Amino acid sequence: MGYGLKVIGGNDTFIIDSDLTGARHLVVVAGPSTSTHNTTYTGFASGDLIFAKPLSGSGRIVTSWTDPSNPKPIHSSNSGGSYGYNYPNSVQQSYLVVRPSDNVTATDQNGGYGLTVFDTNGTSKMYDSRQASKGLDIVALKGQYQCPGGMELESGGSTTFVSGNHIYAGGTLTNIYSCMNSSNSNIFVHPVTGHINHSYRGYMYRTGSTDPGVYYFGWEWLIIPNVYAQFFDANNINDLIIGELVS
Amino acid sequence: MATTYETPTVYTQDAPSSAFLGYPNAGQYPLYTFYGSNYLPSRTMYVKNGDTFKIPLSNADGGDGGGTQTSVNYAGTTGAADPDPAEANTSQGGNQSNGSLWTHTVNASATPWNDNETKWYFFADSGARTVRVEVALIEITSFAGASSTVNQGGTLVFTLSGLTGLDSPVSGNSNSNNLYLTIRDSSGNLVTTSGSGGVSWSTGSTNNPYIGYMRSNSLTNTLTVGASMSTGSYTCRLMHFGGAQNWVTNVDGTTTFSGGLVNNPFYGTANQLASFSFTVNAGTGTNTTPSLGDNINAGTNLSYPVDTNSGTITCDPTTFEPDVFTSNTTGSAAARFRLKNSNGTYPTTSYTGVGTTLQLTSGQSVDFKMTGPSGYSGTTTGRLTIGSVFDELTVTTSAAADDSDTDALVDTSSDWGLIIKNDAGNQIFGTGQKQGHVLVAASYSGTVASNGTSNPITIPGIAASENIPGRTAILIIDKQANTGRVNWIVYRTSNATTFTVYNGNAEARTFDYIVLRH
């Protein structure tokens with residue numbers, strides 16, 4: 001490295017590296033905010049990431065990305081429907097909008113002092129401590145396809161949580177947010193055959209004394225009305241990222 | 001086997017008899033049939049040697065108003081040589097109350113049965129009401145198949161000889177006066193599967209192809225054994241139609257059941273004339289070898305999913321249907337498969353795991369799935385066997401990265417490095433906090449075909465060793481507004497800074513992607 005800044009923590013923890021041309025720090029530019037069902041996240045712009053958690057306590061959270069420029073949280077208290085678990089039974093979210101540093105316009109969130117790291121072009125910011133008064137500490141990760149999926153449902157007091165879906169272990173989830181860009185929520189009705197496909201992938205927050213933390217859930221639900229219905233577990237097709245909001 | 005039949009009640013009809021027994025005038029002593037217009041139009045019933053038949057007669061209302069007498073008279077037969085009911089007197093007459101049984105046990109070697117039939121005449125109300133019962137004796141000399149073995153996909157000819165007593169078919173009525181052929185397995189269960197998994201006949205039922213026919217003018221029938229029919233011992237049974245406790249057609253044309261289908265009129269065991277045992281052996285032939293592609297180095301991707309296809313399999317002869325199954329040669333490969341038709345459809349969409357065998361038809365291919373090792377530095381190998389040939393696929397994983405994606409991520413005990421705090425004095429960046437940086441966020445150029453793979457996508461800036469889940473995260477965002485399943489698989493290129501994306505969806509799609517360094 002001819003110039004710049006490289007910070008590596010213990011256990012080779014990545015913090016910043018000027019050698020990574022084009023790398024842009026993730027800046028918390030908005031939130032925590034409260035989501036509205038099927039309504040675009042306030043403050044979201046294309047290229048942003050959404051990190052979210054249940055507004056209070058436990059529950060599933062899920063986001064529709066059928067229009068990537070217009071992601072929408074899906075809240076559905078309906079866990080039944082005509083064919084059983086048609087809907088994700090997901091809850092209202094508390095969310096953060098996280099943006100690559102060179103797209104952030106704010107410049108004075110922590111006073112007029114601090115640290116700025118520019119890219120090799122001398123103008124694009126890899127990091128600027130003035131852009132936000134909050135940070136996001138990545139506390140857990142899961143690689144693609146490492147979670148088997150399923151409903152992750154507590155029903156009637158019996159626990160059906162799957163250890164393989166356990167991403168983050170911890171009883172205090174107050175500031176633990178999950179990357180919703182890894183989520184999806186689709187309902188598809190075939191225009192000709194009429195068959196219906198529900199697809200959900202997201203996070204389940206579990207509180208209490210037994211294996212609390214953040215779990216992945218994912219399932220597909222294929223329905224041919226009055227003929228056939230089949231439930232499939234769905235692995236995580238994306239890497240899963242859990243961050244802790246620090247402020 | 002000898003059987004005792006008891007028919008539903010036979011009723012006298014409003015048809016006056018002549019003065020001379022044995023020579024009825026037209027319209028008198030009408031034949032009583034239970035199946036007058038279809039299966040048994042010209043006889044009251046068929047029997048075989050040793051059978052005992054019992055026929056209740058009544059002068060009550062049988063659909064034409066009924067008579068006044070409470071008894072029925074037996075008027076004899078057309079000829080003295082015909083067998084009489086046991087209840088007849090020595091003068092070939094007799095009288096019994098309504099509903100009483102008129103019975104006889106068949107002795108085929110007795111002279112009265114030489115013509116394979118008997119006709120009984122009954123009257124009541126001083127001859128104003130009459131009816132006739134005809135019973136025919138079915139006899140055969142031999143019944144056999146051309147061989148005691150047949151291969152899957154092969155044929156077996158059955159031949160009947162020395163048939164007497166069966167009436168000729170009625171023109172235009174393919175159901176009339178048939179003998180029936182059925183196949184039972186070694187447990188005695190009727191084979192009701194037709195087509196490639198079962199049986200069919202050169203002359204047989206359209207609606208139930210597993211039932212064959214023989215007639216007085218058609219004494220051979222060819223059995224086709226399906227290419228995927230289970231091997232083992234079977235028996236072909238030859239049966240006459242009818243018998244007691246079957247459904248019947250009443251005189252007034254209505255259809256009723258009498259005692260339920262205790263004995264099926266087409267293939268009930270009580271009606272069996274003869275049988276022939278044979279063995280179905282495995283079919284013979286060859287097929288092309290499946291190809292599962294190159295072995296895979298999954299790097300540090302654990303439980304790596306493999307989804308591939310064997311390529312089209314052709315068989316020689318094309319009727320040959322080889323067994324298909326999977327096995328786990330090394331490790332927990334979870335090898336599984338499904339058959340795929342040449343037009344892209346599936347006989348069954350779900351996958352079949354180890355321990356289950358299906359039969360492939362020439363021209364089909366096989367979708368094959370397996371799973372890579374669940375741990376680092378591991379190997380799993382799955383095998384797909386089709387007929388006598390197979391292919392194997394091996395997935396290996398490399399050693400774990402230093403910062404495993406499932407372990408605690410940071411060291412918070414260090415007292416050196418860089419820390420950035422906010423105005424409140426709280427750390428928001430630096431040592432002790434793992435940071436995320438976007439390396440690239442873009443839309444894929446073009447679309448990826450269903451079951452296709454994208455062009456390689458380069459992750460900028462990183463070293464090849466950082467192309468692992470523990471150091472970079474790859475997010476695929478499905479862009480279709482109204483589609484079915486969402487199924488993308490990222491393949492990180494081993495020892496390189498690229499990845500590809502497999503489209504496991506049912507149609508061509510495109511996607512957005514974000515890559516983070518963390």
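Predicted model: local features only at pLDDT ≥ 70, side-chain atom pairs only at ≥ 80, totals over all residues.
Local features are described where pLDDT is at least 70, side-chain atom pairs count only at pLDDT 80 or more, and totals for chains, interfaces and linings use all residues. Residues are numbered from 1 along each chain as its sequence is written, chains are lettered from A and ligands numbered from 1 in the order in which they are written, and side-chain values use heavy atoms, with hydrogens and water left out.

**View 1. Confidence in the two chains.**
Chain A has a mean pLDDT of 83, with 89% of its residues at 70 or more. Over residues 79-85 of chain A the pLDDT falls below 50, and this stretch has 16 contacts (heavy atoms within 4.5 Å) beyond near neighbours in sequence. Residues 154-158 of chain A also stay under 50, with 5 contacts beyond four places in sequence. Chain B averages 84, and 88% of its residues score at least 70. In chain B, pLDDT stays under 50 over residues 19-24, where the model has 8 contacts beyond four places in sequence. Residues 401-411 of chain B are also below 50, and there the model has 34 contacts beyond near neighbours in sequence. For the complex, the predictor gives an ipTM of 0.87 and a pTM of 0.50.

Chain B has 0 helices and 38 strands; helices (H or I, at least four residues) and strands (E, at least two) are DSSP runs, numbered from the N terminus. Strand 8, residues 117-124, has 6 of its 8 residues buried, so it is largely enclosed by the rest of the structure. Here buried means under 20% relative accessible area, exposed means over 50%, and partly exposed lies in between (1.4 Å probe, protein chains only). Two strands pair if DSSP finds at least two bridges between them. Strand 5 (residues 71-76) of chain B runs antiparallel to strand 8 and is joined to it by 3 bridges; look for Tyr74(B), whose bridge partner in strand 8 is Phe122(B). Strand 9 (residues 129-137) of chain B also pairs with strand 8 in the antiparallel sense, over 8 bridges, and Phe123(B) has Thr130(B) as its bridge partner there. Strands 8 and 9 of chain B form a hairpin with 4 residues between them, and Asp125(B) in the turn has a positive phi of about 50 degrees.

**View 2. Salt bridges around Glu117(B).**
A salt bridge is a side-chain nitrogen of Lys or Arg within 4 Å of a carboxyl oxygen of Asp or Glu. Glu117(B) and Lys119(B) meet in one, at 4.0 Å from N to O. Glu117(B) is buried, at 16% relative accessibility. Both residues belong to a salt-bridge network that also links Arg43(B), Arg132(B), Glu134(B) and Asp167(B).

**View 3. Where chain B meets chain A.**
Here 57 residues of chain B are in contact with 64 residues of chain A. The area buried between the chains (accessible area lost on being put together, 1.4 Å probe, summed over both) is about 5,200 Å², of which carbon and sulfur atoms give 57%. Between the chains the count is 1 salt bridge: Asp239(A) pairs with Arg492(B), with the closest N and O atoms 2.8 Å apart. Strand 35 of chain B gives the most to the side of chain B that touches chain A, with 7 residues.

**View 4. Asn236(A) in its loop.**
Asn236(A) is found in the loop between strand 19 (228-233) and strand 20 (240-246) of chain A. Asn236(A) counts as buried, at 1% relative accessibility. The side chain of Asn236(A) reaches the backbone nitrogen of Cys147(A) at 2.9 Å, and a polar atom of that side chain lies 2.9 Å from the backbone oxygen of Asn238(A). Asn236(A) also touches residues including Lys142(A), Gln144(A) and Tyr216(A).

**View 5. Arg24(A) and Asp102(A).**
These two residues form a salt bridge, with the closest N and O atoms 2.9 Å apart. The pair links distant parts of the chain, 78 residues apart: Arg24(A) is in strand 3 (residues 24-34), and Asp102(A) is in the loop between strand 8 (93-100) and strand 9 (116-118) of chain A. Arg24(A) counts as buried at 9% relative accessibility, whereas Asp102(A) counts as partly exposed at 38%.

Key:
pLDDT = per-residue confidence, 0-100. Buried area = accessible area lost by both parts, 1.4 Å probe. Polar contact = N/O pair within 3.5 Å; in protein donor to acceptor, adjacent residues only side chain to side chain.
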